[in-house]
Amino acid sequence: MESTEVVMAYDADAGLAGELRYVVGKLAGRHCGLCDVTNGHLRRRPAFDELVCSLGVPVQVWHRNEQTSDVAACTAGRTPTVLARLADGAVVELLDAGALDACGGDVDRFAAALHRAIDDVSADRLDDDVDAVADRLGE
């Protein structure tokens with residue numbers, strides 16, 4: 001995939017009020033699958049930071065209320081999510097809330113799911129490129 005960055009959006013807001021709402025929600029049984037992957041009890045997981053460094057592209061991790069307008073348009077209020085900003089400027093979803101929940105907070109499972117999603121997007125983009133070339137040749 002010709003990605004210029006990976007963007008992750010938590011299902012939580014930044015700031016003191018957002019953190020308090022998250023804690024209360026967590027105590028009430030709600031959770032954010034991305035938060036479960038990236039954070040331990042008190043801080044970010046070192047294994048997650050190692051994964052970020054290994055991806056080879058910049059990674060942005062934002063709270064729901066920190067998203068840029070193009071990312072917010074892609075998420076349309078559906079968080080948590082993991083997106084890729086592609087070289088052509090497109091923003092595509094890699095992992096939705098269900099896929100993040102399936103990781104069960106495990107960084108290795110998250111890494112495997114992320115790499116599969118990247119491979120799937122790469123294959124789809126390659127198929128699109130091949131179709132475009134075939135269409136041009138058929139003209």
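Tutor: Let us begin with a definition: a residue is buried under 20% relative accessible area, exposed over 50%, and partly exposed in between. Please note also that this model is predicted.

Student: What makes lysine 26 count as buried, exposed or partly exposed?

Tutor: The relative accessibility of lysine 26 is 39%. That value lies between the cut-offs of 20% and 50%, and therefore lysine 26 counts as partly exposed.

Student: Where does lysine 26 lie, and which residues is it in contact with, leaving aside neighbours within four places in sequence?

Tutor: Lysine 26 belongs to helix α1, which covers residues 16-27. With those neighbours left aside, its contacts are His31 and Asp36, and contact requires heavy atoms within 4.5 Å.

Student: Which residues of helix α3 are buried, and why are they said to line one face of the helix?

Tutor: In α3, residues 46-54, the buried residues are Phe48, Leu51 and Val52. Viewed down the helix axis, the buried residues fall within an arc of 100 degrees, so they line one face of α3. The face turned away from this buried side carries Glu50 and Cys53, which are exposed. Just after α3, glycine 56 has a positive phi of about 80 degrees.

Student: Where in the chain is confidence lowest, and where is it highest?

Tutor: Helix α6, residues 107-138, has the lowest confidence, with a mean of 72, whereas helix α5, residues 97-102, has the highest, at 96. Where pLDDT is low, the predicted coordinates should not be read in detail.

Key
Residues are numbered from 1 along each chain as its sequence is written. This is a predicted model: local features need pLDDT of at least 70, side-chain atom pairs count only at pLDDT 80 or more; totals for chains, interfaces and linings use all residues. Side-chain values use heavy atoms; hydrogens and water are left out. pLDDT is the predictor's confidence in each residue, from 0 to 100. Helices (H or I, at least four residues) and strands (E, at least two) are DSSP runs, numbered from the N terminus. Buried means under 20% relative accessible area, exposed over 50%, partly exposed in between (1.4 Å probe, protein chains only). The arc is that of the directions from the helix axis to the C-beta atoms.
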